[in-house]
Amino acid sequence: MGGYFGSYALVFALLVIGVGIVAGALMANRLLRPSRPTVEKLTTYECGVDPVGEGWAQSQIRYYVFTYLYVVFAVDAVFLFPWATVFAAPGYGMTTLVEMFVFLGFIALGILYAWKKRVLTWT
C-alpha cells in the first residue's frame, strides 16, 4: 500500500479491525453471560433506597454552577503544572511568568464575577 490513498486505506482497515474486535467481544459477552431476569433485578435501585414516586425530579441550577466552577479550577491546575516545569528552563523565565499572571488574572476575574453574582454562597 503506497501513495496518498494507501495511507487512508490503512487507517480504514485498522478502523474496521478495531470495530470488528469490539463487536466480537460484545457478541461473545452476550452469548456467554447468564440471563435470569427476576422482578428484583429489574427494579430500579439507587443507593440502597427503594424507589418512590416517579423517576423524574428537578435539580437546582446551583449544582451546575458549582460544577462549572470546579472545571475552571481543574483547568487552572492543569495549566499550572506545565508552567512550573517550563519556568525553570533557561530563557523562558520572565515570559512564562507574565503569561501565567495574565492567565491567573482571567481566572481571578471569573471568580470575582461568580462572587459578585452570589454564586459562591450556599443557601
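Helices, at least four residues long, and strands, at least two, are DSSP runs numbered from the N terminus. On that basis this predicted model follows the pattern α-α-α-α along the sequence, with 4 helices and 0 strands. Its radius of gyration is 26 Å, whereas a compact globule of 123 residues would have one near 14 Å. Buried residues make up 6% of the 123 residues.

**Confidence**
- The mean pLDDT of the protein is 81, and 91% of the residues reach 70 or more.
- Among the elements, helix H1 (residues 4-32) has the highest mean pLDDT, at 93.
- The lowest mean pLDDT among the elements, 78, belongs to helix H3 (residues 61-87).
- Where pLDDT is low, the predicted coordinates should not be read in detail.

**Overall dimensions and surface**
- The C-alpha trace spans about 65 × 65 × 25 Å along its principal axes.
- The protein exposes about 11200 Å², and carbon and sulfur atoms supply 71% of that area.
- Of the contacts between residues at least 6 apart in sequence, 52% join residues at least 24 apart.

**Helix H3**
- Tyrosine 70 lies in helix H3. This residue counts as exposed because its relative accessibility is 58%, and exposed means over 50%.
- From tyrosine 70 to glutamine 60, which is 10 residues away along the chain, the C-alpha separation is 17 Å.
- Valine 75 is also a residue of helix H3. Its relative accessible area of 35% makes valine 75 partly exposed, because that class lies between the buried limit of 20% and the exposed limit of 50%.
- Valine 75 and isoleucine 107 are 32 residues apart along the chain, and their C-alpha atoms are separated by 9.7 Å.

**Loop between helices H2 and H3**
- Glycine 53 is found in the loop between helix H2 (39-42) and H3.
- With a relative accessible area of 73%, glycine 53 is exposed.

- Methionine 94 lies in helix H4, which covers residues 93-116.
- Methionine 94 has 60% relative accessibility and therefore counts as exposed.
- Methionine 94 is one of the residues that make a nonpolar surface patch of about 850 Å².

Definitions and conventions:
Residues are numbered from 1 along each chain as its sequence is written. This is a predicted model: local features need pLDDT of at least 70, side-chain atom pairs count only at pLDDT 80 or more; totals for chains, interfaces and linings use all residues. Side-chain values use heavy atoms; hydrogens and water are left out. pLDDT is the predictor's confidence in each residue, from 0 to 100. Buried means under 20% relative accessible area, exposed over 50%, partly exposed in between (1.4 Å probe, protein chains only). Patches are made of residues with over 30% relative accessible area and no salt bridge: like charges are joined within 9 Å, nonpolar side chains (Val, Leu, Ile, Met, Phe, Trp, Tyr) within 5 Å. Accessible areas come from the Shrake-Rupley method with a 1.4 Å probe; for residues, only the protein chains shown count as cover. A salt bridge is a side-chain nitrogen of Lys or Arg within 4 Å of a carboxyl oxygen of Asp or Glu. The radius of gyration is taken over C-alpha atoms; the globule rule is 2.2 Å times the number of residues to the power 0.38. Contact means heavy atoms within 4.5 Å.
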